[in-house]
Amino acid sequence: MPKFEDIQPGDALPSRDHTAGIVQLFMYNAAIWNPHRIHFDHAYATQEEGYPGIVLDGPLQGDWIGQVVTDWIGDDATLVSFGYANRQAAFLGETMTAGGVVEAKDEASREVRVGLFLKNARGEVTIPGHAVVRFR
Amino acid sequence: MAELLTPEIKARIGTASPAIRVEVTRRDIQKYAVSTGQRARKYLDGDEAPPLFHFGYSMEILPPEQLRKDGIAEDKLIPPLPLKRVMAGNSDTAYHRPIRPGDRLVITRRLKDIYEKAGKTGPLIFVVTETEVKTEAGEPVLNEITSLIAR
């Protein structure tokens with residue numbers, strides 16, 4: 001876990017790859033109670049809505065970039081704010097890379113602002129995000 | 001640009017959905033944690049909920065015959081819009097304290113704003129909603145602002 005004193009703007013947060021399988025996607029949609037067919041019905045998603053495959057839920061991918069922050073801070077800081085923007089869809093089978101970078105640090109409040117991203121295999125940022133954490 | 005938003009649509013700004021009351025269980029947190037691939041023990045054990053755990057609580061629980069053909073429950077907070085292609089937009093949350101098992105929460109969604117803008121390829125309608133999560137005792141838990149774009 002990072003020490004507040006050692007954190008510098010420009011530091012990279014550990015990144016992580018996610019490849020959701022159909023079982024994980026089913027569990028997620030069951031957990032949040034989401035019956036939207038584009039997330040589990042391949043024939044519907046491709047034939048009726050014209051998607052190239054089953055669509056990954058935006059908030060699931062938002063959670064993946066949130067984990068970049070929560071895994072980084074552990075119990076050394078609390079999450080003050082977190083946001084993400086759905087810019088581009090991703091589909092079942094795609095490997096998405098979640099990561100982030102320290103943007104700013106405030107000594108007085110012990111708050112750190114990080115920029116976050118989810119990228120697809122082509123290197124396109126599909127979901128940018130940001131968070132503010134406060135160190136103890 | 002012609003006004004797409006009628007007075008009837010704009011009159012809905014400021015309205016709220018009926019409050020949703022939930023009792024948070026450890027099992028619900030564990031299901032969410034496993035399904036999102038969490039690594040932190042406190043989430044996997046269900047001691048504390050991950051930051052976006054509350055998202056599922058705004059899903060209305062309806063029998064299949066009351067859902068639209070695409071499986072979605074109609075969002076009664078948002079009036080029918082003259083532009084039909086809706087894209088998921090942004091989510092921004094301010095956190096006051098974590099959600100834990102045993103919490104009794106009251107969740108309220110409000111329609112904060114609907115406005116239109118000229119986009120490069122035509123008009124856009126922005127729909128901004130706020131989700132407020134408090135405990136039954138009134139302690140603030142989180143406030144989330146979400147926006148949708150219709151084109």
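In which sense do β2(B) and strand β5 (residues 140-150) of chain B pair, and over how many bridges? The two strands pair in the antiparallel sense, over 8 bridges. The legends below describe a predicted model.

Figure 1. Chain A contains 3 helices and 5 strands. Read from the N terminus, its elements follow the order β-α-α-α-β-β-β-β. Along the principal axes, a box of roughly 55 × 30 × 20 Å is filled by the C-alpha atoms of chain A. Of the 136 residues in the chain, 38% are buried. When contacts between residues at least 6 apart in sequence are considered, 64% of those in chain A join residues at least 24 apart.

**Figure 2. The side of chain B that touches chain A.** Here 28 residues of chain B are in contact with 28 residues of chain A. Two elements of chain B, α2 and β2, each give two or more residues to this side. The largest share belongs to β2(B), which provides 8 residues. Classified by residue type, this side of chain B holds 14 nonpolar, 10 polar and 4 charged residues.

**Figure 3. Strand pairing between β2 of chain A and β2 of chain B.** Strand β2 (residues 77-85) of chain A pairs with strand β2 (residues 86-95) of chain B in the antiparallel sense, and 5 bridges connect them. Two of the residue pairs may be located in this view. G83(A) has D92(B) as its bridge partner in β2(B), and S81(A) has A94(B) as its bridge partner in that strand.

**Figure 4. Strand pairing of β2(B) with β5 within chain B.** Strand β2(B), which pairs with β2 of chain A, also pairs with strand β5 (residues 140-150) of chain B. This pairing is antiparallel and extends over 8 bridges. A residue pair to locate here is S91(B) with T146(B), its bridge partner in β5(B).

**Figure 5. Helix contact between α1(A) and α2(B).** Two packed helices are described by the angle between their axes and the distance between the axes. The axes of helix α1 (residues 22-32) of chain A and helix α2 (residues 26-35) of chain B come within 8 Å and cross at roughly 150 degrees. The crossing of these helices is left-handed. Helix α1(A) contributes Q24(A), M27(A), Y28(A) and A31(A) to the contact, while α2(B) contributes K31(B), Y32(B), V34(B) and S35(B). By class, the contact residues comprise 5 nonpolar, 2 polar and 1 charged.

**Figure 6. The loop of chain A that holds W33(A).** Most residues other than glycine have a negative phi. W33(A) is not a glycine, yet its phi is positive, at about 60 degrees. This residue is placed in the loop between α1 and α2 (42-48) of chain A. W33(A) counts as partly exposed because 14 other C-beta atoms lie within 10 Å, whereas a buried residue would have 20 or more and an exposed one 12 or fewer.

**Figure 7. The loop of chain A that holds R110(A).** R110(A) lies in the loop between β3 (96-106) and β4 (111-119) of chain A. Its phi is near 60 degrees, a positive value in a residue other than glycine. With 13 other C-beta atoms within 10 Å, R110(A) is partly exposed.

Technical notes:
Residues are numbered from 1 along each chain as its sequence is written. Chains are lettered from A and ligands numbered from 1 in the order in which they are written. This is a predicted model: local features need pLDDT of at least 70, side-chain atom pairs count only at pLDDT 80 or more; totals for chains, interfaces and linings use all residues. Axes are lines fitted to C-alpha atoms, for helices over the stretch in contact, and angles run from 0 to 180 degrees between N-to-C directions. Helices (H or I, at least four residues) and strands (E, at least two) are DSSP runs, numbered from the N terminus. A crossing is left-handed if the near helix is turned anticlockwise from the far one by less than a right angle, and right-handed if clockwise. Two residues are in contact if their C-beta atoms, placed from the backbone, lie within 7 Å. Ala, Val, Leu, Ile, Met, Phe, Trp, Tyr, Cys and Pro count as nonpolar, Asp, Glu, Lys and Arg as charged, and the others, Gly among them, as polar. Two strands pair if DSSP finds at least two bridges between them.
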